Amino acid sequence: MKKKMVSVLLTGAVLTSMLTGCGGQEEKAPAQQTQEEVQPKEEASKESIDISATETSEETVEITYANFNASGGNEETLDKMYAAFQEEYPNITVNIETIGYDDYFTQMQTRVAGGTAPDCYELNIENFAAYANKGVLAELTGIDVSGYNATALSAFQVDGKQYGVPGNFSNVVLIYNKDLFDQAGVSYPDDTWTWDEAMEACEKISALGDDIYGIYQPITFNEFFKVAAQYGGGVLNADKTEFTINSPENVQAAQMMISKIVDTNVQPTESQMGGMGDWDLFESGRLGMIPTGIWAFGAFTDACEFNWDICVEPGGTQKATHFFSNALVVNADSAKKEAAAAWINWLASSDAAAKMRIEAGWDLPAISDETVLVGYLEITPPENRQAVFDSLDHLAVAPIIEDYSLMADIITDKLSRAASGELTVEEALNQAQEECSAQIKL
């Protein structure tokens, strides 16, 4: 564990208790994580955090904070953020522990169950619901949340109560090879495109050569739920009491995804990929379009020897953009909840932390003030970085349930069988509906 000596102003009294609570081969930030079982707390109180007095006390306090997102080479940036936090809160000492993603959730499961969880820590969106519903997270009510992006903030609410703040933010855009569009004589995509226009472009680009393809869109649950939203569908009903996986809207969405492989072949089959990843294919200059995350910008800038740019993803009957976020949460059993909440709220929403995150190219802060994000727009390529923010008007939040990973695995498996020709789209979604309904209690 790395110990950072910094101060913070803590409330004079500690509250007695707390309320319980896409696609690229080389993508790392939003990687899927098997849902961990979290043991429920026997009892949880209904007190909530109030950090409003943190700036009036001179009492020092030491807290622990665990995270995984800095493990990809951003520990130095996190150190700088912590130093800036020290200037505003000179009486907190934060012990920061950065753990590799592969080990993080196994360790957290053990520590939460054993009563040794840190005072505050990071959770990915896939595991957030399980932790919140088991009563191991504190409700956050005494913090100023006015500066957060509303959609990102709502992702970490349960029954209208806030159990986490969005520590980071990234979304998916359509990245395209401008040189291939020029060679095919096709106008560049723009924010008005639907999938109909995209498919027309895909066929013209694919006609440039036997080893050139119009698009690669992963056949995964993450892509499916987003495309379903683009056609007005979804995998759950509004109150999350029933699965709606095989709805007509979802069938239309899945048919669009699968037909690119089995009908027009504007997207390569697994055998045609020859072991390449989708990012590799794009970087080779043989792929016209790829809907993927903004975390690809750095890799494509380094690897692509052609002109490329981005735009908001095409839609079906409407626009919908996938977004990823990690929650920063407070341990319901912590005796230092106010200080822990002050730290995570500063880390997630302060202008100072936001600017450092942007300068480091470490995803985006989930804040609503775009003036703070202006530095991000000045980095090229891509030229049209404004599309990243335009996409925020169309965010589609993943249907977070406790058995998220099981749901995702079932749907991905069935769609993969449809992509291989083993099942029709209707058969795949009917089977997914049946299995999810039988195996998952909502």
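Glutamine 433 counts as buried at 15% relative accessibility, where buried means under 20% relative accessible area, exposed over 50% and partly exposed in between, computed with a 1.4 Å probe on protein chains only. The structure is a predicted model, in which local features need pLDDT of at least 70 and side-chain atom pairs count only at pLDDT 80 or more, whereas totals for chains, interfaces and linings use all residues. Residues are numbered from 1 along each chain as its sequence is written, and side-chain values use heavy atoms, with hydrogens and water left out.

Glutamine 433 belongs to helix 17 (residues 425-439); helices (H or I, at least four residues) and strands (E, at least two) are DSSP runs numbered from the N terminus. When neighbours within four places in sequence are left aside, glutamine 433 is in contact with Phe243, Thr244, Ile245 and Asn246, contact being defined as heavy atoms within 4.5 Å.

Apart from residues up to four places away in sequence, asparagine 384 touches Asp309, Ile310 and Cys311, and a polar atom of its side chain lies 3.0 Å from the backbone oxygen of isoleucine 310. Although asparagine 384 and tryptophan 308 are 76 residues apart along the chain, their C-alpha atoms are separated by 10.0 Å. Cysteine 311, one of the residues touched by asparagine 384, is buried at 1% relative accessibility. Cysteine 436 is likewise buried, its relative accessible area being 0%, and a search of the whole structure finds zero disulfides, a disulfide being a pair of cysteine sulfur atoms within 2.5 Å.

The loop between helix 14 and helix 15 also holds proline 381 and proline 382. The peptide bond joining threonine 380 and proline 381 is cis, with omega about -10 degrees, and the bond from proline 381 to proline 382 is cis as well, with omega near 0 degrees.

Lysine 240, in the loop between helix 7 (221-230) and helix 8 (248-262), has a phi of about 55 degrees and is partly exposed at 38% relative accessibility. Asparagine 265, in the loop between helix 8 and helix 9 (270-273), has a phi near 55 degrees and is partly exposed, with a relative accessible area of 27%.

Strand 5 (residues 120-124) is largely enclosed by the rest of the structure, because five of its five residues are buried. Cys120, Glu122 and Asn124 lie on one side of strand 5, and Tyr121 and Leu123 on the other. Strand 5 pairs with strand 3 (residues 61-67) in the parallel sense over two bridges, and with strand 15 (residues 326-330) in the antiparallel sense over five bridges, where two strands pair if DSSP finds at least two bridges between them. Tyrosine 121 takes part in both pairings, as the bridge partner of alanine 66 and of valine 329 in strand 15.

Strand 14 (residues 321-324) is likewise covered on both sides, with Thr321 and Phe323 pointing one way, His322 and Phe324 the other way, and all of them buried. Strand 14 runs antiparallel to strand 10 (residues 170-177), to which two bridges join it, and serine 170 stands opposite phenylalanine 324. With strand 16 (residues 395-396) the pairing of strand 14 is parallel, over two bridges, and threonine 321 stands opposite leucine 395.Helix 1 (residues 75-88) has 14 residues and reaches 21 Å from its first C-alpha to its last, close to the 20 Å expected at 1.5 Å a residue, the expected span being 1.5 Å times one less than the number of residues. The buried residues of helix 1 are Thr77, Leu78, Met81, Tyr82, Ala84 and Phe85. Seen down the axis of helix 1, these residues fall within an arc of 165 degrees and so line one face, the arc being that of the directions from the helix axis to the C-beta atoms. On the other side of helix 1, Glu76 and Glu87 are exposed.

Technical notes:
Polar contact = N/O pair within 3.5 Å; in protein donor to acceptor, adjacent residues only side chain to side chain.
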